[in-house]
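Work through these exercises with the structure open beside you. Try each task before you read its solution.

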Amino acid sequence: MAVLGIETSCDETAAAVVDDGRLLASVVSSSVPLHEKYGGVIPEIASRFHVEYINKVTRKALKKAKVRLGGLESVAFTGGPGLTGSLLVGKAFAGALAYSLGIPTVTVDHLAAHLFANFLVKKRPNPGFPFVGAVVSGGHTSIFICRSFKDFELIGRTRDDAIGEAFDKVAKILGIGYPGGPAIEKYAKGFTRKNPINFPRAYLEKGSFDFSLSGIKTAVFYHVNGVDLSRREISRIAWSFQEAVFDVLVEKLVRACGRFKLTEIVLGGGVVSNERLRVKLGCVCRRQGYKLFYPPAALCLDNAAMVAGIGEVLFRKKKEAKNGFQKKEQ
Ligand code: KG4
Ligand code: ZN
């Protein structure tokens, strides 16, 4: 029996089908182009897009997976965190569908789902608990100590902007489009690495695993003031900004491993699709003997495969616990 996953926490309407840990289909429809002219997500536009597309996306995923509605054992959906209106669409849809089929729903945490995306990659062994998990996206920059699929201890988070959000805002300052992450990465790749700008690195107080992105955002804003934004200068700013942000992220992740005596780092979220971050952290991990896990780009960005995947694990665990309890009762 298969599990259907529904994701509507932000600007992607997604549905996916998983059976026994195998991803059968994953469909994502994005409202990103509708937000482009505003340089950020407009919640009302995102919610209306979900209402319009949730049915189509679900039908497409089931068809692709060759699974009938009667072949589903549960419907998993993102319960939060996310935009309230957007979350409500997914919750109402998943609830109504499950009720009509007489099957249960499973509420999934969006951040846990981002990390779970690593368990859907079949070409390599899965990460082993406990590990240092980091969700780096447009809405979150959080470091966890993950002890099981349900036991995540938050040890650090952003005090202002998320890293992806800062990429989006800096791209807006530079006038290079939305979403900012891929645009900044593209410009940064074109930089010769000669004479980079030394933007501030916000390590915060000693021992802290928190982040702050407002300082560097302001530094970019002042740097751009009165400067001729040639293609070369944009590349130089994009590279220097990316390096400063990732230097801090890498330092905090590696320090978390040392502090909690862990040797595996597991990443999730849209920013993790950035190649420079993967290379930079990969080099440090190799030197330290740590294992680094990240999903393929399509599973870094918001998707429902990660929701269906962790939903299935949680559903099975609950079922096992119930069966165990009933056996004890007999
Ligand atoms: O995980 P995600 O799809 O949605 C949230 O849960 O927020 O992440 C979207 C964020 C955006 O802020 C986007 O600019 C950023 O991920 N992003 C990137 C890259 N691709 C997407 N940031 C840096 N480099 C990238 N290549
Ligand atoms: Zn996300």
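**Exercise 1. Are histidine 110 and histidine 114 buried or exposed, and where do they lie?**

Solution. Start with the cover. Histidine 110 is buried, and histidine 114 is buried too. Buried means under 20% relative accessible area, exposed over 50%, and partly exposed in between, with a 1.4 Å probe and protein chains only. Next, find the element. Both histidines sit in helix H4, residues 110-116. They are 4 residues apart, about one turn of the helix. Helices (H or I, at least four residues) and strands (E, at least two) are DSSP runs, numbered from the N terminus.

A note on the source: this is a predicted model, in which local features need pLDDT of at least 70 and side-chain atom pairs count only at pLDDT 80 or more, while totals for chains, interfaces and linings use all residues. Residues are numbered from 1 along each chain as its sequence is written, chains are lettered from A and ligands numbered from 1 in the order in which they are written, and side-chain values use heavy atoms, leaving out hydrogens and water.

**Exercise 2. Which protein atoms are donors of the zinc ion (ligand 2)?**

Solution. First, list the donors: His110 (NE2), His114 (NE2) and Asp302 (OD). They lie 2.1 to 2.2 Å from the zinc ion. A donor is an N, O or S atom within 2.8 Å of the metal (3.2 Å for Na, K and Ca); water is not among the atoms, so sites may look incomplete. Second, read the spacing along the chain: H-x3-H-x187-D. Third, check the angles. Among the 4 donor atoms of the zinc ion they run from 92 to 143°, and the site is irregular. Four donors count as tetrahedral if all angles lie between 85 and 135 degrees; four count as square planar and six as octahedral if opposite donors are over 155 degrees apart and all others between 65 and 115; anything else is irregular.

**Exercise 3. How many residues surround ligand 1?**

Solution. Count 22 residues. The closest are Gly138, Asp168, Gly181, Glu185 and Gly270. Now look at oxygen atoms of the ligand. One is 2.8 Å from a polar backbone atom of glycine 138. A backbone N or O atom of glycine 164 lies 3.1 Å from an oxygen atom of ligand 1. Finish with the area: taken alone, ligand 1 exposes 550 Å², and the protein buries 91% of that.

**Exercise 4. Which residues do ring pairs link into a cluster?**

Solution. The cluster holds Phe116, Phe119, Phe129, Phe131 and Phe149. Rings of Phe, Tyr and Trp (its six-membered ring) pair if their centres lie within 6.5 Å; planes under 30 degrees apart count as stacked, over 60 as edge-to-face and the rest as tilted. The whole structure has 14 aromatic pairs. Phenylalanine 119 and phenylalanine 129 are stacked, 5.9 Å centre to centre with 20° between the planes. Both lie in the loop between H4 and strand S6 (131-136), so their pair ties together parts 10 residues apart in sequence. Phenylalanine 119 is buried at 8% relative accessible area. Phenylalanine 129 is partly exposed at 30%. The rings of phenylalanine 129 and phenylalanine 131 have centres 5.0 Å apart and planes at 20°, so this pair is stacked.

**Exercise 5. What joins phenylalanine 129 and proline 130?**

Solution. The link is a cis peptide bond, with omega about -10°. Proline 130 is in the loop between H4 and S6.

Definitions and conventions: Near = heavy atom within 4 Å. Polar contact = N/O pair within 3.5 Å; in protein donor to acceptor, adjacent residues only side chain to side chain. Areas by Shrake-Rupley, 256 points an atom, 1.4 Å probe, with all protein chains shown as cover.
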